[in-house]
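Open the structure in your viewer and keep the selection panel at hand. The tour goes from one selection to the next and says what is there.

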Amino acid sequence: MVRLLGPQDRLLTTMERQFPQVTVLVRGNDISLTGEPSQVEGARRLVEELLELVRGGHEVTPVEVTSSARMLENDRSAHPAAELLSQAIVTARGKSVRPKTAGQKSYVDAIDENTIVFGIGPAGTGKTYLAMAKAVQALQRKEVERIILTRPAVEAGERLGFLPGTLTDKIDPYLRPLYDALNEMMDPEIVPKLLAVGTIEVAPLAYMRGRTLNNSFVVLDEAQNTTPEQMKMFLTRLGFGSKMVVTGDITQVDLPIGTSGLQVVTRILDSIDDIHFATLTSADVVRHTLVGQIVDAYTKYDQVQLARRENPGYQGPSERDRRYKNKR
């Protein structure tokens with residue numbers, strides 16, 4: 001029961017938020033649900049789903065509670081969340097990396113089924129993390145001979161100036177997130193050895209020019225900060241026996257001028273076989289629950305600003321409308 005409800009009943013509170021019209025009463029090992037019949041039925045299915053996860057040895061967090069509730073709402077089959085969350089990609093130091101939402105599962109399946117996959121979505125949806133997990137899995141299964149991780153060296157809205165040290169020291173801050181994810185998915189003692197022999201390579205995008213990447217799993221992160229020319233250059237590095245995953249968030253472009261290569265490529269390659277565009281949304285955010293709400297709020301704000309540019313007379317939702325919506 002402690003594993004089901006969480007410390008300080010955190011998971012119970014999350015369950016109650018999913019079904020606000022249901023009263024949950026816990027006494028010992030008994031859970032009673034009262035309220036509107038359809039809501040009670042949904043809450044009952046959610047409790048049974050979480051019990052299945054607990055019995056399977058999975059650590060349940062608020063993310064699993066909210067994602068399970070969404071999946072149950074859209075899928076009437078038995079235990080869709082338990083089946084999804086039991087599919088680990090890689091396991092390191094007792095921690096398993098697995099898709100946690102239906103959107104993430106579709107993204108992971110697309111990587112298995114296609115040579116080039118674009119993962120496009122807001123922050124916190126696991127685009128890069130899951131892509132790197134699939135890369136580690138492919139290396140462990142000997143499906144590829146090496147992993148190549150790259151990203152453009154672009155500052156996020158501020159100029160850092162000249163950085164001290166060697167060339168490696170200068171580019172390291174831009175690539176640090178990739179190193180961090182590698183150390184989470186593999187033994188930190190093995191990672192430096194694989195980097196030293198070239199089995200794993202982490203490099204800025206500018207180093208890809210003129211190369212042909214055979215038998216490799218290649219991940220391009222922060223692709224929204226590539227120019228159209230850089231994107232074309234990267235995609236044409238594809239060699240035999242390789243896979244490419246390109247990840248990015250088209251709402252967070254840090255390029256000082258010009259068009260994002262990620263925005264352009266969605267219009268150029270959308271009809272080519274063996275290339276898949278996977279779109280993740282705020283429903284796939286697996287960070288703090290506030291992140292999904294922040295993403296939605298910024299999306300609405302951007303829509304209002306776009307409408308105002310196209311129609312100068314547009315004022316957006318009135319304050320009365322906003323208060324009514326928040327009250328509901």
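Start with strands β6 and β8, which run parallel to each other and pair over 5 bridges. The model is a predicted one. To see one of these bridges, select R146: its bridge partner in β8 is S216.

Stay on β8 and follow the chain onward. The chain passes from β8 through α10 to β9, a β-α-β crossover that is right-handed.

Next, select residues 216-220 and 243-248 together. These are strands β8 and β9, paired in the parallel sense over 4 bridges. Two of the contacts can be picked out by residue: V219 has V245 as its bridge partner in β9, and L220 has V246 as its bridge partner there. As a general point, strands of a sheet pair through backbone hydrogen bonds, either parallel or antiparallel.

Now show the side chains of β8. Which way do they point? S216, V218 and L220 point one way, while F217 and V219 point the other way. In a regular strand, side chains alternate between the two faces of the sheet. Is β8 mostly covered or uncovered? The strand is mostly covered, with 5 of its 5 residues buried.

Select residues 228-235 for helix α10. This helix lies across β5 (116-120), β6 (146-151), β8 and β9, and runs at about 155° to β9.

Step back to the sheet as a whole. It is an open sheet of 6 strands with parallel pairing, in the order β7-β6-β8-β9-β5-β10. Where are its edges? Select 200-204 for β7 and 275-279 for β10: these are the edge strands, and each pairs on one side only. On average, neighbouring strands of this sheet are turned by 15° against each other, direction ignored.

The last stop is a pair of rings. How many aromatic pairs does a search of the whole structure find? The search finds 1. Select F118 and F277: the ring centres are 4.6 Å apart and the planes are at 10°, so the pair is stacked. F118 lies in strand β5 and F277 in strand β10, so the pair ties together parts that are 159 residues apart in sequence.

Finally, colour these two residues by accessibility. F118 is buried, with a relative accessible area of 0%. F277 is partly exposed, with a relative accessible area of 22%.

Note on methods
Residues are numbered from 1 along each chain as its sequence is written. This is a predicted model: local features need pLDDT of at least 70, side-chain atom pairs count only at pLDDT 80 or more; totals for chains, interfaces and linings use all residues. Side-chain values use heavy atoms; hydrogens and water are left out. Two strands pair if DSSP finds at least two bridges between them. Axes are lines fitted to C-alpha atoms, for helices over the stretch in contact, and angles run from 0 to 180 degrees between N-to-C directions. Contact means heavy atoms within 4.5 Å. Rings of Phe, Tyr and Trp (its six-membered ring) pair if their centres lie within 6.5 Å; planes under 30 degrees apart count as stacked, over 60 as edge-to-face and the rest as tilted. Buried means under 20% relative accessible area, exposed over 50%, partly exposed in between (1.4 Å probe, protein chains only). A crossover is right-handed if, with the strands pointing away from the viewer, the path from the first strand over the helix to the second runs clockwise.
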